[in-house]
Structures are given as structure tokens and as C-alpha cells.
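Hi everyone, thanks for coming. Please have a look at the picture first.

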Amino acid sequence: MKDFQTKKKFGQNFITDKNLLSAIVSDAEICENDEVLEIGPGMGTLTEEISKHAKRVISYEIDNDLKPILLGKDLKNVEFRFQDIMNVSLREIEGSFVGEYKIVANLPYYITTPILFKFIGQSERVKSITVMVQKEVAERMIAKEGGKDYGVLSIGIAACGQAHITRNVSRIMFNPAPNVDSAVVRIDIYNKYNLDLKEFHNFVKNIFNMRRKTLLNNLAQSYGKNRGELEQIFGKKVLARRAESFSVDEIVELYKKFSEK
């Protein structure tokens, strides 16, 4: 660590506390038959802990300067790949796994949402995702209707899984210490609504396009529909509400009605 200079562009804040590392693996419920995809191993401290419990680990690291540190650990059941995972196709990633797999990651703020949506709703083989994220992002991930944190991220997750915060983590647990606290979130994956999640996510983005506007205004602007057309589909009362007031179940029903028309 003394010889390595962290890079802000990669959001590098490494976990050093051994109890926390063990707790994250426990939260993810990694066991001896599990195959694990790790994203952003950093110095490999979490990787080592995962490798003690998992059958096999594929770990993607964007920073080539970490190669000697990670490969020097000589972890027999871990394969490190020095690539930006956002540039690797889901088909290629999943081709490395025999069946279902779990994801564990310590994610910087700037990449959290793109990483989650690369797998949530796109993969049918991910069993769970356990991630360390900025605390504010964690609160958005589990938010319910009516609050300021409720939006595209929370609805996208709730449409295909169950998320909960397993623990809050102080900034002092990292080196270097970030300016914010973090939290560990576990998402258990299942597509209970049987949706075309790509199209559903697009619909959700559109109805939240302007948070303070009504459903009518957002749908009219996003899809070029007039008031009469939308009232035939939803009715006046529904269109007068804001997107943040609808539960996930209600938004799914809105999407299905809109898709049918």
C-alpha cells in the first residue's frame, strides 16, 4: 500500500478492516459451492476473504497498476481480469461461470448505477448482489414511494429483486478515507413481475423525467401523446399524480397498460 498511489478517477478507497471484510462475505452468504463475480478488487483484501469461502472467483479490475499486487497474492481459486467490466459483454462475463453466480463489489459512486443495471434485469443467472456503496446511494436503492430518494434506481431494483441494507460503514474503515460514509446492500434477484425490464426501465426514466411534474406532463413530453389519448389509458385522477407517489406495483400496472396501447 505504501508504494501504491490511489487514483481519484477510479474512486479508489480500499477496505482495510479484517472484521468488516469478513462481515461483507457473511452478508453475501458465500459458501463453498458458490461461484462469485467480484468487481473492483482494489488491493485484494476482500478478494482474499471471498476466496476462503467460495468455490471460484472471477475478479475484474480496471487499474493495471494493481496487477503485481493482486497476482502476487497467488490465490488458487481466483482469476483476475484487468479490464473495465463495463466494456465486457454480459455474455462473455457469464461464459466463465458454470451456472448461477453471486456478485460482490466495493463500488465507487460514479459507477454504481451503471454496474447494477448491467446485471439487474439483464441477467437470468445472478442469484444475489452484495455491494458496498455510498450511504446516500444505499438509501436510494431501498427507498419506498413518497420520499425524495425514491426513483429510477429503487424502482429498477424492486422490479426484479429485494434489497436491504445489511450494515452501515464509517468512512474511517477505508484507506484513504472518503468524504462520505458507506453502507453494504444486498439484493436478492428474482423477476417477480415477468417484465421486459429494459423497456420497463425506460418507462420509469420517462415518468420521472421531471420529478415535480405530473404523470400527464411527463408521459406527454416523453412519448408525444396528447391529453385525450392518455386519459383514455389511465383516467384523469391517475394522470394528476406525480410518479413518486406510485408504489412499484402501481408503476408496473401503469407500464403494462401503456404497453398494451
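Let me start with a question: which residue forms a salt bridge with Arg56? The partner is Glu35, and the closest N and O atoms are 3.3 Å apart. By salt bridge I mean a side-chain nitrogen of Lys or Arg within 4 Å of a carboxyl oxygen of Asp or Glu. Arg56 lies in strand S3 (residues 56-60) and Glu35 in strand S2, so this pair ties together parts that are 21 residues apart in sequence.

Before going further, a word on where this comes from. This is a predicted model, in which local features need pLDDT of at least 70 and side-chain atom pairs count only at pLDDT 80 or more, while totals for chains, interfaces and linings use all residues. Residues are numbered from 1 along each chain as its sequence is written, and side-chain values use heavy atoms, leaving out hydrogens and water. As for the names of elements, helices (H or I, at least four residues) and strands (E, at least two) are DSSP runs, numbered from the N terminus.

Back to our pair. Arg56 is partly exposed at 28%, whereas Glu35 is buried at 8%. These two also belong to a network of salt bridges, together with Glu79 and Arg81.

Here is the general idea: side chains of opposite charge can pair when their charged atoms come close. By the rule I gave you, the model has 16 salt bridges. Another one joins Glu29 and Arg186, with the closest N and O atoms 3.5 Å apart. Glu29 lies in the loop between H1 and S2, and Arg186 sits in strand S9, so that pair ties together parts 157 residues apart in sequence. Arg186 is buried, with 10% relative accessibility, while Glu29 is partly exposed at 49%.

Now contrast that with Asp149 and Lys148, whose side chains meet in a salt bridge of 3.4 Å, N to O. Asp149 is partly exposed at 26%, and Lys148 is exposed at 72%.

Let's stay with Glu29 for a moment, as its backbone deserves a look too. Its phi is near 55°, a positive value in a residue other than glycine. Asn194 has a positive phi of about 55° as well, although it is not a glycine. You will find Asn194 in the loop between strand S9 (182-189) and H8, and it is exposed, with a relative accessible area of 68%.

That brings us to helix H8. How do H8 and H12 meet? The axes of H8 (residues 197-207) and H12 (residues 248-260) come within 10 Å and cross at roughly 105°. These axes are lines fitted to C-alpha atoms, for helices over the stretch in contact, and the angles run from 0 to 180 degrees between N-to-C directions. Angles under 35 degrees count as roughly parallel, over 145 as roughly antiparallel, 65 to 115 as roughly perpendicular and the rest as oblique. H8 and H12 are therefore roughly perpendicular to each other. On the H8 side, the contact (heavy atoms within 4.5 Å) is made by Glu199, Phe200, Phe203, Val204 and Ile207, and on the H12 side by Ile251, Val252, Leu254, Tyr255 and Phe258.

Several residues of H8 are buried, including Leu197, His201 and Asn206. The buried residues of this helix pack against H5, H7, H9 and H12.

So what about H5? This helix is mostly covered, with 6 of its 8 residues buried. Among them are Ile115, Leu116 and Phe117. After H5 comes Gly121, whose phi is positive, near 85°.

Val126 has a relative accessible area of 5% and is buried. What does Val126 contact, leaving aside neighbours within four places in sequence? The contacts are Glu94, Tyr101, Ile103, Phe119 and Ile189. Val126 and Val36 are 90 residues apart in sequence, and 9.6 Å apart in space from C-alpha to C-alpha.

Notes. Buried < 20%, exposed > 50% of the residue type's maximum accessible area, 1.4 Å probe, protein only.
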